[in-house]
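This report describes the fold, the core and selected side-chain pairings of one protein model. The sequence and structure are shown first.

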Amino acid sequence: MAGNTSEKSAKAAAKRKPTLLAGGNPQIAKADGDAPVQAYIAAMPGWKSDVGRRLDAIIVRTVPGVHKAVKWNSPFYGIEGQGWFLSFHVFTRYVKVTFFRGTSLRPVPPGESKHKEVRYLDVYEDQLDEAQFAAWVKQASQLPGERL
């Protein structure tokens, strides 16, 4: 029953124009499921919305049954009962993808983090290597997820 309430709240929120935070990141209420993630993607400004749709489509295609949520104004992707393996966030000039166990991926994603295992991929307009991203998503989904 809680899922229905969360889903209804997410759909209602999707009808309102979300506030854009610093760097253009959409402010979306914390909720589980595809609806809040789609609301986030729809609210991403300009070309970043297309990047969000592409990232989401690759993740869904690569990890059937992936669990989705919005937390801290960012979409999260994980495996039910195993934790989160990836999230992304809008910045002014790019979309930052976070791989929570990124140092275990091969090749290691390029962006370093102050967190030991985290690695980042900054996606600029027309700069997404879909094959490499899909390979990282597949690897990341098979690792122990982050419990948040």
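S74 is found in strand β3; helices (H or I, at least four residues) and strands (E, at least two) are DSSP runs, numbered from the N terminus. At 6% relative accessibility, S74 counts as buried, where buried means under 20% relative accessible area, exposed over 50%, and partly exposed in between (1.4 Å probe, protein chains only). Leaving out residues up to four places away in sequence, S74 touches Y40, A69, F88 and H89; contact means heavy atoms within 4.5 Å. The side chain of S74 is joined to that of H89 by a polar contact of 2.7 Å. A polar atom of the S74 side chain also lies 3.4 Å from the backbone oxygen of F88. A polar contact is a pair of N or O atoms within 3.5 Å; within protein, one must be able to donate a hydrogen and the other to accept it, and residues adjacent in sequence count only if both atoms are side-chain atoms.

The model is predicted: local features need pLDDT of at least 70, side-chain atom pairs count only at pLDDT 80 or more, and totals for chains, interfaces and linings use all residues. Residues are numbered from 1 along each chain as its sequence is written, and side-chain values use heavy atoms, with hydrogens and water left out.

**Sheet and helices**

Strand β3 belongs to an open sheet of six strands in the order β1-β2-β3-β4-β5-β6, with antiparallel pairing. The edge strands, each pairing on one side only, are β1 (31–32) and β6 (119–123). Two strands pair if DSSP finds at least two bridges between them. Strands β2 (residues 67–71) and β3 (residues 74–79) run antiparallel and are joined by five bridges, and A69 stands opposite F76 in β3.

Helix α2 (residues 34–43) lies across β1, β2, β3 and β4 (83–90), at about 55° to β2. Helix α3 (residues 47–62) lies across β2, β3, β4, β5 (95–99) and β6, at about 165° to β4. Axes are lines fitted to C-alpha atoms, for helices over the stretch in contact, and angles run from 0 to 180 degrees between N-to-C directions.

**Nonpolar core**

The largest nonpolar core has 29 residues, of which Y77, F85, L86, F88, V97, F99 and F133 touch the most other members. Such a core is a set of buried Ala, Val, Leu, Ile, Met, Phe, Trp, Tyr and Cys residues joined through side-chain atoms within 4.5 Å. At least two residues of this core come from each of α2, α3, β4, β5, β6 and α4 (130–141). Beyond its neighbours within four places in sequence, F85 is in contact with residues including I59, V63, Y77, F99 and V137.

**Salt bridges**

The whole structure contains six salt bridges, each a side-chain nitrogen of Lys or Arg within 4 Å of a carboxyl oxygen of Asp or Glu.

| Pair | N to O distance |
|---|---|
| K68 and D34 | 2.6 Å |
| R54 and E130 | 2.8 Å |
| R101 and E146 | 3.1 Å |

K68 lies in strand β2 and D34 in helix α2, so this pair ties together parts that are 34 residues apart in sequence. K68 is buried at 8% relative accessibility, whereas D34 is partly exposed at 37%. D34, D56 and K68 are linked in a network of salt bridges.

R54 lies in helix α3 and E130 in helix α4, so their pairing connects parts 76 residues apart in sequence.
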